[in-house]
Amino acid sequence: MERIIENIRRYSDISDATLRELASRLTPMHFAKRTLMVEEGKRAGAAFFIERGITRSYWMVDGEEITTSFSAEGTIVFSMDEIYDDRPSEEFVEALEDLDCYSITATDLRSLVHDNIELARWWSAIHQREYRRLHQSHKERLTLPAQERYEAFRHQFPDVCRRVRRGLIASYLGISPSTLSRISGI
């Protein structure tokens, strides 16, 4: 749980007691590469703290997979629909590598965030950061040419560029794989 604890503490001051309380609700899990952890129209019933590996979230639009985000070591991934609105997911989350993680039930996560001020602060901090990232990505997709979008992505997610198939990055950037090949020089 080293990476997870390090990432939690990067966003908020969390006591050892709170970390123990959180850890007591976590279940170790493993997902093989290409496993769907969250599926559209279904409830996963959990959120996942990633210890090792990387995931992508995506929507199906007219039969095409549209990548919306990537998550890696130390982060948490879940269906926003399920955690926030208690309804089935509108997206998929796929393990892009063999994944070691810890699951927490959606009920336990909501309860801990509601009842523990330290976890509430952490939850708020990661959501503020994610909102900023999404806002910036949205702005870049609407205003920057493909080359500059790719450069911003490489700067923001250097690890993803090394570990993820280029077609998924192109999908995230809203460009074709051939355009990505041309602008990246590969």
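## Sheets and pocket

Strands E2, E7, E4 and E5 form, in that order, an open four-stranded sheet with antiparallel pairing. The model is predicted, so local features are reported only at pLDDT of at least 70 and side-chain atom pairs only at pLDDT 80 or more, whereas totals for chains, interfaces and linings use all residues. Numbering starts from 1 along each chain as its sequence is written, and side-chain values use heavy atoms, with hydrogens and water left out. Helices (H or I, at least four residues) and strands (E, at least two) are DSSP runs numbered from the N terminus, and two strands count as paired if DSSP finds at least two bridges between them.

The edges of this sheet are E2 (36-38) and E5, each of which pairs on one side only. From one strand to the next, the twist averages 35 degrees; axes are lines fitted to C-alpha atoms, for helices over the stretch in contact, and angles run from 0 to 180 degrees between N-to-C directions. Helix H8 (residues 166-173) packs on the sheet, touching E4 and E5, and its direction makes about 95 degrees with that of E5. Contact here means heavy atoms within 4.5 Å.

A second open sheet has four antiparallel strands in the order E1-E8-E3-E6, with E1 (27-31) and E6 (76-77) at its edges. Helix H4 (residues 106-115) lies across E3, E6 and E8 (99-105), at about 70 degrees to E8.

| Strand pair | Bridges | Facing residues |
|---|---|---|
| E2 and E7 (residues 92-95) | two | Leu-36 and Glu-94 |
| E3 (residues 46-52) and E6 | two | Phe-49 and Ile-76 |

The largest pocket holds about 1,200 Å³ of space. A pocket is an open set of points on a 1 Å grid over the protein atoms alone where a 1.4 Å probe fits, with protein on both sides within 12 Å along at least five of seven lines; lining residues have an atom within 4 Å of a point. Its lining comprises 44 residues, and Ser-69, Phe-70, Ser-71, Glu-130 and Arg-133 lie nearest the centre. Helix H5 supplies the largest share, twelve residues.

Ser-71 belongs to strand E5. Ser-71 is buried, because its relative accessible area is 11% (buried means under 20%, with a 1.4 Å probe and protein chains only). Its contacts beyond four places in sequence include Ile-54, Ile-76 and Val-77. The C-alpha atoms of Ser-71 and Ile-54 are separated by 5.6 Å, although the two are 17 residues apart along the chain.

How values were computed. Grid points are joined across faces, edges and corners, and a volume is the space filled by probe spheres set on the points. Buried means under 20% relative accessible area, exposed over 50%, partly exposed in between (1.4 Å probe, protein chains only).
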